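Student: I would like to go through this model with you. Please keep the answers brisk.

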Amino acid sequence: MLPGTSQSKSYPSVGPVDPLGVSCPDRDNVESRDSTWWWDSVVCAWSPRPYVRVDSRKTHSFAATRRLADGAPGEGTPFALHLTDESGRFRLLALDFDAHHAGSTATADLTRCTTALTAENIEHLVCSSGPGGGYHVWIRLSTAVSPHRLAPIIEAFAAAWPSLDLGPLANPRTGCVRAPGAPHRAGGASVPLTSPHIRPVSLRALRTVVTQLTHREHAGSTATAAADVGAAPIPVHTDVQGHPYLAGPRRPVSAQIRALARTRVAAQSDASAIGWSILLACAHARMRYDDLHQAAFTDCWPGLETVRTQRTSAGERTPRFDPHSELARQWAKAVATASHTRPSTTAPSPARRAAEETVADLLARMNAQPRRWAGKTGSQDRLVLLGLAARTLAAAAEVVQLSERDWASAAGLTRDVVNDRVKVLLQQGWIARAQRAAGPWAAVWRIATPGGGKQRSGAVFSPALQQGLHAELECARADIWHARSLGVLGLRVWQLLARGPMSVGELATRAGVCAATVRSKLRALQAVGLCNSAGRAYQGRSRLARAAALAGVTGAHADRVRLYRLQSAVFVWWFTTRYQPTRSDALDEWGTFPTPAEAEHTHPVDIALAYGATCTGPPVQATTWGAAMAAQDRLRESDPASWWELVAAARAELPSPEMLLAPHQWARAAA
């Protein structure tokens with residue numbers, strides 16, 4: 001599926017994206033990327049299959065599976081993403097640069113790989129795979145690609161980058177790679193070094209990389225050397241002993257890292273991750289190997305315990321056989337990573353500060369007008385605004401692209417509700433549209449401020465404010481509110497009860513509904529165990545999950561998200577194929593467009609689904625897109641591994657050719 005469309009998930013805003021990982025001092029950015037965030041936003045969004053492989057015994061076998069709907073595995077349990085869907089076609093590429101053997105060229109190959117991909121505008125996510133010293137480069141594919149079509153590209157990559165592990169790429173049935181953020185069996189985790197917000201690429205774009213690699217190989221080693229130098233923003237020097245360090249004057253290590261280095265590592269803590277944080281920060285501070293050697297073995301910094309000892313299978317720590325070699329290996333890895341990572345300043349960027357001020361001002365103005373959010377439409381308006389506020393914070397920009405379906409998924413509403421309420425909020429001046437949707441590109445929105453931004457409420461943004469915002473949206477996305485007896489008003493009554501017991505009259509006044517509606521919502525909440533007869537509300541994720549099971553709506557939100565993603569993908573597919581055939585891989589699946597003469601001999605159902613409602617030949621454009629979407633809606637429960645397969649299945653479900661005619665032609669068809 002192509003992101004960034006008026007029917008799909010929009011591209012990240014053009015605001016600055018801070019590097020991820022422990023080297024980034026932007027605390028808000030780092031704290032928001034916890035294990036739950038990686039599981040929800042990357043693993044579940046990227047996985048071509050409804051499950052991942054799990055290495056529960058930490059034997060590197062990944063023999064077990066775990067469904068995405070069951071949530072992330074236990075803490076410290078490694079898990080891996082399949083690269084192919086269940087039909088064996090690739091939806092992801094994971095370039096695994098192996099550094100387990102002596103003389104590995106993983107770091108140099110990573111430099112060449114990222115340089116080649118960046119030169120062709122192919123977005124990718126780079127991860128430090130773990131304590132082994134290797135790297136993973138993730139690429140998303142816009143369409144499912146068969147192994148035989150991908151084989152020439154993989155062979156060219158392997159020839160250009162010798163440390164590339166072909167194992168996962170050569171096994172379309174069970175090939176998998178540890179996911180971004182997933183733990184390593186020896187400690188540590190797959191640490192993302194770049195932004196995870198990457199757009200899928202076409203097979204045609206990957207072929208251009210192969211062409212450029214071939215051209216560079218024939219051009220000689222001079223061009224390759226120049227590319228290597230240009231890929232590293234910070235020069236790397238070596239001392240007299242051959243150990244690397246970053247060029248430039250020394251810098252003080254932050255107070256946070258100093259405290260981390262002096263704190264004893266608890267038994268339940270990840271010593272490998274703590275040690276990596278310290279080494280990476282020291283590399284950015286332009287320290288040298290001798291400094292770290294003294295810190296680890298003379299001063300015995302507690303935070304560098306992972307250099308001196310290693311964890312056993314029993315959970316205890318035992319001295320390493322050669323800790324000095326371990327420090328040298330980890331230091332070289334930290335310097336290489338720091339040379340490719342641009343450290344941010346300790347203060348948030350100006351764009352992030354502006355976004356935070358805007359969101360804080362919005363929440364203050366909303367809290368100052370509690371009656372505005374009363375009733376059903378008022379509650380919906382509040383969730384729509386909170387969804388835009390969350391996207392503004394995530395993008396660290398005051399202007400963001402946001403599609404209606406993506407907006408609805410974030411706020412726990414339907415696309416129709418968002419479409420209706422956005423018009424009201426736009427008219428009342430709560431939000432502003434900076435740019436209308438254009439074809440497959442989503443509209444650009446921003447939070448409107450009174451007086452053109454000159455009148456501020458004086459509210460101060462805080463992590464607690466952000467946490468409350470995300471918590472309210474998370475509750476709104478719970479499956480239980482899909483139950484017909486509850487809905488958004490049931491959510492509102494439940495939220496009011498969470499503040500303390502209230503009478504029916506008080507609840508009715510605050511919720512902006514009649515007493516009869518409150519009583520019906522209270523009965524529905526009691527029936528699913530979210531409150532008792534005394535008006536005490538029960539909270540927590542487990543309570544909401546049990547309530548959804550009792551109401552028979554478990555998985556309802558995920559089902560809606562799958563449907564919206566399918567609709568978005570189909571819309572983008574026919575639009576790009578119809579208007580930009582040279583940029584779409586859909587031609588490989590469906591062929592070229594028919595001329596008007598050819599269309600006269602083509603089945604209308606095929607034209608309706610394959611070429612979209614704006615086809616110049618018959619059938620005319622009135623109802624084809626609506627009919628195709630109705631077919632998708634009927635097949636929403638299928639949940640196939642690839643949306644291409646669902647599109648193919650929907651061909652047989654379309655109405656008869658007569659129903660695909662324009663309304664003014666229905667009478668003639670009936671006659």
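Student: How many helices and strands does the secondary structure of the protein chain come to?

Tutor: This is a predicted model, where local features need pLDDT of at least 70, side-chain atom pairs count only at pLDDT 80 or more, and totals for chains, interfaces and linings use all residues. Residues are numbered from 1 along each chain as its sequence is written, and side-chain values use heavy atoms, with hydrogens and water left out. Helices (H or I, at least four residues) and strands (E, at least two) are DSSP runs, numbered from the N terminus. The protein chain has 27 helices and 16 strands.

Student: What percentage of the 671 residues count as buried?

Tutor: Buried means under 20% relative accessible area, with a 1.4 Å probe and protein chains only. By that cut-off, the buried share of the 671 residues is 49%.

Student: What kind of aromatic pair do Phe-97 and Trp-161 make?

Tutor: Rings of Phe, Tyr and Trp (its six-membered ring) pair if their centres lie within 6.5 Å; planes under 30 degrees apart count as stacked, over 60 as edge-to-face and the rest as tilted. Here the centres are 6.2 Å apart and the planes at 65°, so the Phe-97 and Trp-161 pair is edge-to-face.

Student: How many residues apart in sequence are the parts that this pair ties together?

Tutor: Both Phe-97 and Trp-161 are buried. Phe-97 lies in strand β4 and Trp-161 in the loop between α4 and β7, so the parts tied together are apart in sequence by 64 residues.

Student: Which ring lies under Arg-288?

Tutor: A charge sits over a ring if NZ of Lys or CZ of Arg is within 6 Å of the ring centre and within 35 degrees of the ring normal. Arg-288 is 3.9 Å from the ring centre, over the face of Tyr-245.

Methods:
Buried means under 20% relative accessible area, exposed over 50%, partly exposed in between (1.4 Å probe, protein chains only).
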